[in-house]
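Subject: Structure handover

Dear colleague,

Here is the structure I said I would pass on. My notes on it follow below.

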Amino acid sequence: MAIELLSLPLPATADASKFADFGREVRGVDPGSLTPEQFEKVKDALYKHDALLFRNANLTPEQQYALTKLIGNGTVYNHEGLAEAMLKHPSHTTFHKTRVTPEDEAKGITRFYRWHIDAALYDLSPPKVTTLYGLKIPSGPTQICRYDDGTGDELPVPLGTTAFVSGKTMFDILPKELKSLAVRTKVKYAPHPYVWMAPSRAMPTGLGIETEGLELPLDQLPPWEENKRKVLPVIWKNPVTGNLHFQVHPCGAAELIVDPLPEGASREGALYPDGANITDLKEVRDLLYKMQRPAIAPSLVYPHDWHEKDLVLFHNRGVLHSVVGAFTKDQVRAFHQCNLAASDDPVGPTVEDVKKYA
Ligand SMILES: [Fe+2]
């Protein structure tokens with residue numbers, strides 16, 4: 001049977017024109033035992049469509065690991081082992097600076113927990129692919145994900161959804177001066193960013209940290225080395241399509257390193273035309289937020305409606321994602337998640353890309 005790729009059903013809230021290439025349901029193959037030929041086709045589709053769904057998949061943790069390793073091409077970094085059973089569903093209530101009131105929560109109001117890329121962001125390279133396999137999906141009414149950032153934005157979401165946005169769209173919709181800044185900028189992440197950010201609190205959209213000076217001081221972190229800190233381009237070039245994806249984990253970002261405009265580029269309206277090393281956390285976060293917030297608008301979010309035995313493969317170097325919602329005690333959710341640190345870092349825009357957009 002030939003592999004079939006079908007468009008993913010989009011919610012009514014989605015702007016279909018922005019999802020033409022995003023996401024496919026894969027039919028006609030058993031993801032647990034792909035032939036080498038099928039594997040190549042799946043891998044190619046993953047880079048072209050960023051998220052692949054296999055329904056009714058029967059997959060042991062070992063098969064999931066093997067599939068992830070095949071695509072991810074690296075070594076295991078999940079501390080918990082090869083396939084982690086995520087029984088504790090993280091919720092915004094412990095991570096955001098403000099929270100939805102218990103009364104509103106009872107009415108089904110919720111938030112994005114944390115927009116991110118799966119990555120250690122220290123020493124190891126970001127995984128290329130993450131696989132999520134839904135073992136037990138709670139059923140319940142649709143919730144309303146509220147942005148609570150003064151825009152009035154909100155998005156109806158299935159209970160316990162995983163929300164995705166395209167890093168390509170995040171770049172494509174930027175105005176010229178921010179595209180120019182994005183292609184010239186690298187992010188320097190904090191050492192042990194998750195330990196560093198642990199005492200701090202997130203924005204109501206889950207898209208980064210409020211600047212309140214709560215981060216753990218660098219001298220109180222576990223031992224770290226400057227040369228193991230990650231410095232990654234803001235823009236990651238898709239190795240199959242050549243598309244540019246805006247890939248920043250905003251919570252871990254500590255500094256921005258901006259290259260000057262290339263020779264011959266117009267300085268008119270250009271931001272940081274002579275380059276900069278931005279170390280002020282508020283300035284770093286404000287700039288990233290300005291560039292990333294447009295892409296999490298309700299019309300640009302794909303909230304996956306999980307069914308039991310859904311297997312989702314996503315291109316971790318091409319999308320950002322977030323857990324959404326909170327469960328009552330009797331709503332059990334169990335997933336097997338697997339991702340592997342890659343053996344190399346993502347590649348940034350080429351000299352030609354920089355010339356084109358700067
Ligand atoms: Fe994740």
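The domain bounds used here come from an automatic or database domain assignment. The model itself is predicted.

Domains

The assignment divides the chain into domain 1 (4-8 + 19-166 + 303-342) and domain 2 (169-294 + 349-357). Between their C-alpha centres the distance is 24 Å. In the contact, 27 residues come from domain 1 and 27 residues from domain 2. On the side of domain 1 that touches domain 2, helix H1 (36-49) and strand S10 (162-166) are the elements that give two or more residues. The most comes from H1, with three residues. Sorted by class, that side of domain 1 holds eleven nonpolar, seven polar and nine charged residues.

Helix H7

Helix H7 covers residues 281-292, twelve residues in all. At 1.5 Å a residue H7 should span 16 Å, and its end C-alpha atoms are 16 Å apart, so the two values agree. Its buried residues are Val284, Arg285, Leu287, Leu288, Met291 and Gln292. Because they cover an arc of only 165° around the axis, they sit on the same side of H7. In general, an α-helix has 3.6 residues a turn, so residues three or four places apart point the same way. Lys282 and Lys290, on the other side of H7, are exposed.

What do the buried residues of H7 pack against? Their partners are two helices, H4 (167-172) and H5 (176-184), together with the strands S14 (244-246), S15 (253-258) and S16 (276-278).

A three-stranded sheet

Strands S6, S8 and S9 form an open sheet in the order S6-S8-S9, with mixed pairing. S6 (109-110) and S9 (154-157) are the edge strands, each pairing on one side only. S8 (residues 143-146) pairs with S9 in the antiparallel sense, over four bridges. Within this part of the model, Ile144 stands opposite Pro156 in S9.

Ser139 lies in the loop between strand S7 (129-136) and S8.

Regards

Conventions. Residues numbered from 1 in each chain as written. Predicted model: local features only at pLDDT ≥ 70, side-chain atom pairs only at ≥ 80, totals over all residues. Pairing = 2+ DSSP bridges. Expected span 1.5 Å × (residues − 1). Buried ≥ 20, exposed ≤ 12 C-beta atoms within 10 Å, placed from the backbone. Arc of directions from axis to C-beta. Contact = placed C-beta atoms within 7 Å. Nonpolar A, V, L, I, M, F, W, Y, C, P; charged D, E, K, R; others polar.
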